[in-house]
Amino acid sequence: MSGEEFVPLSLTPLLIGTFAAIACALPGNFLVLRKQALIGDAISHVVLPGIVVAFILTGAISTWPMMLGAAGAAILAVIMIEAVRRLGQIEAGAAMGVVFTTMFAAGVLLLEQTDTSSVHLDVEHALYGNLESLIWLDATGWASVLDPEALAGLPPELPRIALTMLGVSLFVWLFWRPLKISTFDEGFARTVGIRTGVLGMALVITAAIAAVAAFDAVGSIIVIAMFICPPAAARMMTNRLETQIGWSVAFAILSAVTGYVLAGYGPLWLGAADAVSAAGMIATMSGLILAGAAIWGPCRTRAGAPSAS
Amino acid sequence: MLSLAAHQGVSIAEQNTEDRPLAIRGLTVSYGQKPAVFSVDMTVQPGAMTAIIGPNGAGKSTLLKAALGIVKPLSGQVSVFGAPLEKQRARIAYVPQRASVDWDFPTRVIDVVLMGLSRQLGLLGRIRGRHMARAMECLNRVGMHDFANRQIGQLSGGQQQRVFLARALAQDADLYLLDEPFAGVDAATEKAIIGVLKSLKQDGKTVVVVHHDLATVTDYFDHVFLINTRKVAEGPVADAFTAETLQSAYGGRLATAQIDQISRALG
């Protein structure tokens, strides 16, 4: 494919898909090790009432109010999950179950009670996003990457998700040591002065921000898949957390690129006329990578499992 | 039970407890309706080895965790070397129960020991040659230097316990708090651990151990602290570790035969 075709039509969706995948996979490593991986799923459900409320308040589908509404709902959910967990003294999974079904139900109820029929706010959009539509029509070829006038026409999702990915990376880099220590041994972490409660909350809020930004661009399917699949596959490739992070980023990029290309061209190669959803295909690829790691990964057996003796 | 505690309390109240390695006053901790630890006072003697003893569910680990700020007490004060806990973090080393962490965590033995240097390294400090040398030296003290690059899940229970002890040694503290370090370990590990703890004592460090094996108390420790939700007795082994105090801490849970055996061992 030539630059004239690739840059306007495929470059931006590819980059957005890749950045979204990385932004979710990075905190996903810690969430999987903390057995909180489903928090990505929870977040993608709980943002619905936030988005609907933002729509009711502004009366239009505009990005910033919806992002703020989604972020507000996500943070509210995180606080509610912690509150239910601590006050009810039940495990995190059960607390998430209670909070996210309640909030998702509230979102559906709000959606049904208000007139949103005129706008594009439906389940399919929420699940799959519309990665393919995030094209860059101002671009004419590779030269446009350096052309300020063409750059002004970039889809706003691209700088937004790029910024989110940078923020998430910065958080993980800056708090690497306390994150690692408190994920492994929370009690010990407290005794060396790490504020584990605050740090755990910051991790979940970071994940929530990544989820909302990715949700806006690519839908919730990718969010759920990328929080779990690349980190879980990466865990089976290595026994070192540092290396695991590297593998998870590599798997996230691989899923995004192969998923996007296969969604666009796979059906054509098979003789079908239409393309399939890129977001769905990216999620599928990450699942296949996870399956591959589970079959062939060098560190897939639980070394810590008690032996038969 | 209370009269014994009061009896022990008199001698402690007379001492100046301000600069003690660990002084706990009126500590109460509750996880639900029922308190796990109720109104406990404890004063740890410097340069000594103290065992915290009591039946299962008596609040031994909870007492230690509250002293370290891991669990939040309902009431009570903790002071470490005469200052609030938060100011003295650098002087405390902690060995949690081995079963409290997931040993499948993707990390190597040496990385766990390096966690003991986290205060020294700070948020972004690079791990340098001297840090690695220090971590290896600590592994050497517990006889685990050959395992530095192993994944922690590949170790036996006793080896894991020794790695935890090496991490505490890396903290280079003045007060060492260990939660059941001898639980489920092999004889060689038990010997290695007690050897290290005795050498810490010789260096003037203070060691507090949550302990469950009554048979080894007189061999290993100088002081005991008996607890069954409330304090039962506290003091030098010869005074506080008696058939009488054990009976009141364990009640019917300790067979008469065991008590007789311990009384005989104590002379």
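**A helix and its partner**

Modeller: Start with the pairing. In this predicted model, helix α1 (residues 3-33) of chain A packs against α12(A) at an angle of about 150°, and the two axes are 8 Å apart. Angles over 145 degrees count as roughly antiparallel. α1(A) and α12(A) are therefore roughly antiparallel to each other. The crossing of α1(A) past α12(A) is right-handed.

Now the residues. On the α1(A) side, the contact uses P13(A), L14(A), G17(A), T18(A), A21(A), I22(A), A25(A), G28(A) and N29(A). Facing them in α12(A) are Q244(A), I245(A), S248(A), V249(A), A252(A), I253(A), S255(A), A256(A), V257(A) and Y260(A). Sorted by class, this contact holds twelve nonpolar and seven polar residues, and no charged ones. An α-helix has 3.6 residues a turn, so residues three or four places apart point the same way.

Next, α12(A) itself. Helix α12 of chain A covers residues 241-269, which is 29 residues. At 1.5 Å a residue it should span 42 Å, and its end C-alpha atoms are 39 Å apart, which agrees. There is a kink, though. α12(A) bends by about 45° at A263(A), shortly before the proline P267(A). After α12(A) comes G271(A), with a positive phi near 95°.

For contrast, turn to a helix pair in chain B. The axes of α5 (residues 129-141) and α6 (residues 157-170) of chain B come within 8 Å and cross at roughly 130°. α5(B) and α6(B) are therefore oblique to each other. Their crossing is right-handed. From α5(B), the contact takes R134(B), A135(B), C138(B), L139(B) and R141(B); from α6(B), it takes A166(B), L169(B) and A170(B). Six of the contact residues are nonpolar, none is polar and two are charged.

Last, the two chains together. Contacts join 24 residues of chain B to 21 residues of chain A. On the chain B side, the elements giving two or more residues are β6 (92-95) and α4 (118-121). α4(B) gives the most, with three residues. By class, that side of chain B has twelve nonpolar, seven polar and five charged residues.

Note on methods
Residues numbered from 1 in each chain as written. Chains lettered and ligands numbered in written order. Predicted model: local features only at pLDDT ≥ 70, side-chain atom pairs only at ≥ 80, totals over all residues. Axes fitted to C-alpha atoms, helices over the stretch in contact; angles between N-to-C directions. Helix = DSSP H or I, 4+ residues; strand = E, 2+ residues; numbered from the N terminus. Parallel < 35°, antiparallel > 145°, perpendicular 65-115°, else oblique. Left-handed = near helix turned anticlockwise from the far one by under 90°. Contact = placed C-beta atoms within 7 Å. Nonpolar A, V, L, I, M, F, W, Y, C, P; charged D, E, K, R; others polar. Expected span 1.5 Å × (residues − 1). Bend = angle between axes of the 7 residues up to and from the residue.
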